[in-house]
Amino acid sequence: MMVRMLEDDLFPSTPGKVKIERTHGASRKLQRCFASANTLFLWALFVIALIASYLSFQSFVDTSSRYLSASWGGLHWERQIRASAAVRRTEGITVLVTGAAGFVGSHVSLALRRRGDGVVGLDNFNAYYDPSLKKARKALLASHGVFVVEGDVNDAHLLAKLFDTVPFTHVMHLAAQAGVRYAIENPASYVHSNVAGLVTLLEASKSADPQPAIVWASSSSVYGLNDKVPFSESHRTDRPASLYAATKKAGEEITHVYNHIYGLSITGLRFFTVYGPWGRPDMAYFSFTRNILQGKPITVYRGRDGADLARDFTYIDDVVKGCVAALETAEASTGSGGRKRRQAQYRIYNLGNTSPVTVPTLVSILERHLKVNAKKNIVEMPGNGDVPFTHANITAARAELGYKPTTNLETGLKKFVKWYLSYYGYSRRLLGGKSQEIVA
């Protein structure tokens, strides 16, 4: 019945006659419908605009907050950077040292400053080992006028700001995630620092004006499973034994690309087991010293064939001389505005001592200098990426850099022990052949 009534309203019984007033009512209903739809559409647009505005404002707030909370930037910061970068000798160079609060980085920075070169440091002070040691190195550098920026080499904005503030002639790239065994626990950190960080630095360097010459730390670990001795730069390096070694080998290939395409002057240095004062606590000689003094056992690895492991231990002062020589002999980069004008210099050198020493011999030297016998656990070397021996051929570095290591392990460890006892507040009182610890 209701349907019939609706039909009567819309369609009259008399043909040719239309009930105008009913039709107008239906039209008004349709118009109101469309008006409601338009209103809803406008309200939807308004809500979307509000959300977009909020998100834009939030992004602005977040960006501003990050900028304001950053540990770098501002006029005072720029003045510190420029003062640290000031050259104090004729024909001096201006060097950005990454990993400046690290072991090798702090020594190289100090050596450059003492020569009168301009030095600015960069370090992220990560917690791979006790950051207080890195802070102490930073304080040492500050006492000699070297400013260390706290920041990550992966921070492209920070790098761009540094290159805008100072026209660096050289970069000494020593920032890296070190250690062979730690890669098993935290592999991502090696890719982040040793690969992504290197690329970020190279990107900033190729766009800088002027382009700096780059000297960077590769590693003897790139020789991996190579069994030819001594290790020469011409030997194959395509069989890494650890992720750390693989990232360093990747670094050598990546730097070659930036040299080839952008004209960056590149020098890679393959360090061989660097040791000495202000060293890294994760290194065997350092942890052995700590455990021997604390009366704790030390673990000495032995090869699966029963042979003692051997390393080409290289004293820090010798390595620093090699680093400085590499900076001095580095030719200028040949690019401008991110484009290569001509072929640029590309070099790789071994920096070792050329005299491998077995780990048991290392322990015996430490026992003699500490006047304490070590409690040793002799175990077979696990498959964690370590190699049984390293031995550097330094013919190329000697000929082209004038590199000549002069410190043997006996002398170097004596200097290290003297520093260790002083830094950690030990006073040696020989009581029954034992060392009594006195914390300052």
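In this predicted model, the count of aromatic pairs comes to 29. One of them joins Tyr285 and Phe416 in an edge-to-face arrangement, with 4.8 Å from centre to centre and 80° between the planes. Tyr285 belongs to helix α10 (residues 284-293) and Phe416 to helix α14, so the pair ties together parts that are 131 residues apart in sequence. The edge-to-face label follows because planes over 60 degrees apart are given that name.

Are the two partners buried or exposed? A residue counts as buried when its relative accessible area is under 20%.

| Residue | Relative accessible area | Class |
|---|---|---|
| Tyr285 | 2% | buried |
| Phe416 | 0% | buried |

Tyr285 and Phe416 also belong to one aromatic cluster.

**Helix α10**

How many of the 10 residues of α10 are buried? The number is 8, and the helix is described as mostly covered. The buried residues are Tyr285, Phe286, Ser287, Phe288, Thr289, Asn291, Ile292 and Leu293. Just after α10 comes Gly295, which takes a positive phi of about 75°.

**Helix α14 and its contact with α12**

Helix α14 (residues 409-423) packs with helix α12 (residues 359-370) at an angle of about 45°, and their axes are 10 Å apart. The two helices are therefore oblique to each other. The crossing of α12 past α14 is right-handed.

Which residues make this contact? From α12 come Leu362, Ile365, Leu366, Arg368, His369 and Leu370. From α14 come Leu409, Glu410, Leu413, Lys414 and Val417. Sorted by type, the residues of the contact comprise 7 nonpolar, 1 polar and 3 charged.

**The chain as a whole**

The protein chain has 440 residues, of which 46% count as buried. Its secondary structure comes to 14 helices and 17 strands. Contacts between residues at least 6 apart in sequence can be sorted by separation: 81% of them join residues at least 24 apart. The pair of Tyr285 and Phe416, whose helices α10 and α14 it ties together, spans 131 residues in sequence.

Methods
Residues are numbered from 1 along each chain as its sequence is written. This is a predicted model: local features need pLDDT of at least 70, side-chain atom pairs count only at pLDDT 80 or more; totals for chains, interfaces and linings use all residues. Side-chain values use heavy atoms; hydrogens and water are left out. Axes are lines fitted to C-alpha atoms, for helices over the stretch in contact, and angles run from 0 to 180 degrees between N-to-C directions. Helices (H or I, at least four residues) and strands (E, at least two) are DSSP runs, numbered from the N terminus. Angles under 35 degrees count as roughly parallel, over 145 as roughly antiparallel, 65 to 115 as roughly perpendicular and the rest as oblique. A crossing is left-handed if the near helix is turned anticlockwise from the far one by less than a right angle, and right-handed if clockwise. Contact means heavy atoms within 4.5 Å. Ala, Val, Leu, Ile, Met, Phe, Trp, Tyr, Cys and Pro count as nonpolar, Asp, Glu, Lys and Arg as charged, and the others, Gly among them, as polar. Rings of Phe, Tyr and Trp (its six-membered ring) pair if their centres lie within 6.5 Å; planes under 30 degrees apart count as stacked, over 60 as edge-to-face and the rest as tilted. Buried means under 20% relative accessible area, exposed over 50%, partly exposed in between (1.4 Å probe, protein chains only).
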